[in-house]
Amino acid sequence: MKFKRLIPTMAAALLLSACQKNPDSSIVKNKDLDQMIDQAENNKNGSTNLSDLAVNYQDYKTTLKDDQLYVTVNVDAKVEVPGSSQMSIFRVKQKNIDQSLLDKVKKELVRDTVLYDGKAICIKTRSSIEQEIQSLKEQITSTKADTDSYDQESIQTMVGEYQEIINTLQREYESAPAEIKWSEYPSDGKLKSITDLCKGKSGDSYYTGIKELNPDGDYYYGVSDGKNGQYTSLFAQNNKNYGNCLRYGRDNNNYVRITSVVAGNKCNLGLWSLQDGISQDSLRLEGVNPEEFEEYENSTLTVSQEDAKKQADALIQSLGLTDFLCESSGQYGEVVAEGPSPDNGKWGYRKVNILNYMRNIDGVFVDNENGSKLTDGWKGSEYVKKMWDGESITVIVNDDGIIGFYYNAPIELTETVVEKSSMKTFDEIKDIFEQMVLVANARKEPEDAVSMNVSRVILRYTRISEQDRFDTGLLVPVWDFMGTVTEASGKLPEQQEACIMTINAIDGSIIDRELGY
């Protein structure tokens, strides 16, 4: 799987382009989906045969540079055209997670492990409160000693805030249970509407919090008691604002964090390729150093990627997700629980095989992993925030078997809009890329100069949709220009792989991955 930090080049860049030299071309105008469909049906627009699109371009090499825009683009790329005889246009919509799929995942992965209502692990016990209080006392001690960073007034303010939290925790301690009473939190394993889930629980902050983030959707969260030495979690949601997803996680040391409301957020606390090794940039844990991590001894990885794929393929088939194929895989270090190990005070991580599955239509992958559709702002007097992430399935395997399954933002194909679409040749596409990539990534100051290295150019499907529409979209052929991005300022590290530009293969328009069109 490609794990990367994504650079929102297009959203910011097209704003910058208003102040920079801008080519007079239809590729920067508003997109017209009806017009694009007309072009796809017109044989004079290009070719319908994939083998004719890039006849002279097994490789594509060039160097583009603009000293006034502070952008350099080096291209030494393989041009990847799928072996399919054609590509089409399909209409799609978001698909809900249903009880049938949830039951299948339980049967294949949870098996006979008893699951309880996820609220159980949110209950604070006396021992967990004691740990919080001790941690805050340590914060107070370190803050008082850090006179290099803070003046005395700031120290007193921070210490006072910490002490207020301690006082609150001490009051909670008096009524907290000594341990979780699991029998009080049964789970029937059913995906429920938020209305039914929260009925009669208006005073419970756990359920009111769920309802606030997903007032009209569906929800399920079940966890095991961990008494067998394995901590199992199963989570599903249908959420019209943040996406639909189903997630399963299992670990020998703690509960895997899987309950983020944003469907595309896999909740990784830290993830790095074993080939590259752990670094500060691998971690999403503020103030924690890589030196503080040790591999868990009770979570091993000797199973090969090949054998891991066999297990993952069998799971995908058993769940009936036969339209998905493994697109990429790798071996990673993964942090799944927050906090150091109680044994040695070191943060723990496990080694895993991670396999990424994408929808495949007639031999062509559908890829939205490099971005998602996002609306975040005011629409009249109403504040609107919606997200439609790209569909994907992630399977995680180590010596304990399949320990992770994440089905993100499922879609349903509802109509073939154009059978055997006409597409522009790669000659035309590369000219558009060379015309736009410098402007689209322009910087204002030399210290913000950026260097890009394009290593792959891939013809595949991606999902686009009309502005402000989150219910339906179109799968269309696109050319993705993939590579690494490095900023001279060092504000961003070099990327493992990022989507530098996406160009619609039918009409040559630039697709903004973040806006979704």
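Trainee: Are R460 and D367 buried or exposed?
Mentor: This is a predicted model. Buried here means under 20% relative accessible area. By that cut-off, R460 and D367 are both buried.

Trainee: How far apart are the closest N and O atoms of R460 and D367?
Mentor: Side chains of opposite charge can pair when their charged atoms come close. R460 and D367 form a salt bridge, and their closest N and O atoms are 3.7 Å apart.

Trainee: How many residues apart in sequence are the parts that this pair ties together?
Mentor: R460 sits in strand β19, residues 450–464. D367 sits in the loop between β13 (364–365) and β14 (373–379). So the pair ties together parts whose separation in sequence is 93 residues.

Trainee: Which residues are linked with D367 and R460 in a network of salt bridges?
Mentor: The network includes D367 and R460.

Trainee: Where do D216 and K240 lie?
Mentor: D216 forms a salt bridge with K240, with the closest N and O atoms 3.4 Å apart. The pair links distant parts of the chain, 24 residues apart. D216 is in the loop between α7 (205–213) and β6 (218–223), and K240 is in the loop between β7 (231–238) and β8 (245–251).

Trainee: Are D216 and K240 buried or exposed?
Mentor: Exposed means over 50% relative accessible area. D216 and K240 are both exposed.

Trainee: How many salt bridges does the structure hold?
Mentor: K65 and D67 also meet in a salt bridge, at 3.9 Å from N to O. The structure's total is 21.

Conventions: Residues numbered from 1 in each chain as written. Predicted model: local features only at pLDDT ≥ 70, side-chain atom pairs only at ≥ 80, totals over all residues. Heavy atoms only, no water. Salt bridge = Lys/Arg side-chain N within 4 Å of Asp/Glu carboxyl O. Helix = DSSP H or I, 4+ residues; strand = E, 2+ residues; numbered from the N terminus. Buried < 20%, exposed > 50% of the residue type's maximum accessible area, 1.4 Å probe, protein only.
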